[in-house]
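Please open the structure in your viewer and keep the selection tool at hand.

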Amino acid sequence: MIKLLGRLSKICEYIADVITVVLVVFITILIFVNVIFRFLFNNPIIWQYEATLVCMSWVVFIGMSMTTAHKEHMKLTFILGALKPKVRLYWENVLDIILIVFMIIGIVKGIEITQSTWSQMYQTIPVKKGIFYMAFPIGAAFSLLHLVYHVLTRKTDDFKTEDEEAAKIAEEVG
């Protein structure tokens, strides 16, 4: 079960990486081209703002799952770093469980918002407004998978500092 979660986590991380890179490159090129059109030809690309808005929502919320995959989500690291490994293990798990609950609520509410806006279209691009909101439940689902995997695989040894490990090696040798 844990191996399957690990594989799924890696697949979601890869998908998130690809989506984010493609969209950031697209946004960069689109904005650059729009600047040229606006200032050199005095004819801006009308649909650039809405396209950028939709792409940015995907970059942000899929990016959220990338930070979760790398265990870099928001937390008070200066406090966590001061805790003993065993206490930190429990505290990290408590924080991740709170985030898991938030992600489950986010998935449910995100789907509701996506469904309620699905029939609306943007004015300048042929895209449903639900696509904008769909990024959050997908990013939250990816994050949920990563969080569950981290909680199930986290050990006290993950938090030992290099000094503690060096002291342990010195004890074993001496």
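**Whole chain.** Begin with the complete chain in a cartoon view, keeping in mind that this is a predicted model. The protein chain contains six helices and zero strands, so that, in the order of the sequence, the pattern reads α-α-α-α-α-α. Of the 174 residues in the protein chain, 34% are buried. If you consider the contacts in the protein chain with a separation of 6 or more, 70% of them are between residues 24 or more positions apart.

**Helices H1 and H5.** Next, select residues 2–40, which form helix H1, together with residues 130–153, which form helix H5. How do the axes of H1 and H5 cross? They come within 9 Å of each other and cross at roughly 140°, and because an angle over 145 degrees would be needed to count as roughly antiparallel, H1 and H5 are described as oblique to each other. The crossing in which H1 passes H5 is left-handed. To see the contact itself, show the side chains on both helices: H1 contributes residues including Ile2, Leu5, Cys12 and Ile15, while H5 contributes residues including Phe142, Leu145, Tyr149 and Leu152. Sorted by class, this contact of H1 with H5 consists of 11 nonpolar, four polar and one charged residues.

**The largest nonpolar core.** Now select Leu23, Val54, Trp58 and Ile125, which touch the most other members of the largest nonpolar core, a group of 18 residues. Helix H1, helix H2 (48–69) and helix H5 each supply at least two residues of this core. Stay with Val54 for a moment and display what surrounds this residue: leaving aside residues up to four places away in sequence, Val54 touches Tyr122, Ile125, Ile131 and Phe132.

**Thr114.** For the last stop, select Thr114, which lies in helix H4, residues 85–117. Is Thr114 buried or exposed? Thr114 has a relative accessible area of 8%, and because a residue under 20% counts as buried, Thr114 is buried. Showing its neighbours, again without residues up to four places away in sequence, you will find that Thr114 touches Gly130, Tyr133, Met134 and Pro137.

Note on methods: Residues are numbered from 1 along each chain as its sequence is written. This is a predicted model: local features need pLDDT of at least 70, side-chain atom pairs count only at pLDDT 80 or more; totals for chains, interfaces and linings use all residues. Side-chain values use heavy atoms; hydrogens and water are left out. A nonpolar core is a set of buried Ala, Val, Leu, Ile, Met, Phe, Trp, Tyr and Cys residues joined through side-chain atoms within 4.5 Å. Buried means under 20% relative accessible area, exposed over 50%, partly exposed in between (1.4 Å probe, protein chains only). Helices (H or I, at least four residues) and strands (E, at least two) are DSSP runs, numbered from the N terminus. Contact means heavy atoms within 4.5 Å. Axes are lines fitted to C-alpha atoms, for helices over the stretch in contact, and angles run from 0 to 180 degrees between N-to-C directions. Angles under 35 degrees count as roughly parallel, over 145 as roughly antiparallel, 65 to 115 as roughly perpendicular and the rest as oblique. A crossing is left-handed if the near helix is turned anticlockwise from the far one by less than a right angle, and right-handed if clockwise. Ala, Val, Leu, Ile, Met, Phe, Trp, Tyr, Cys and Pro count as nonpolar, Asp, Glu, Lys and Arg as charged, and the others, Gly among them, as polar.
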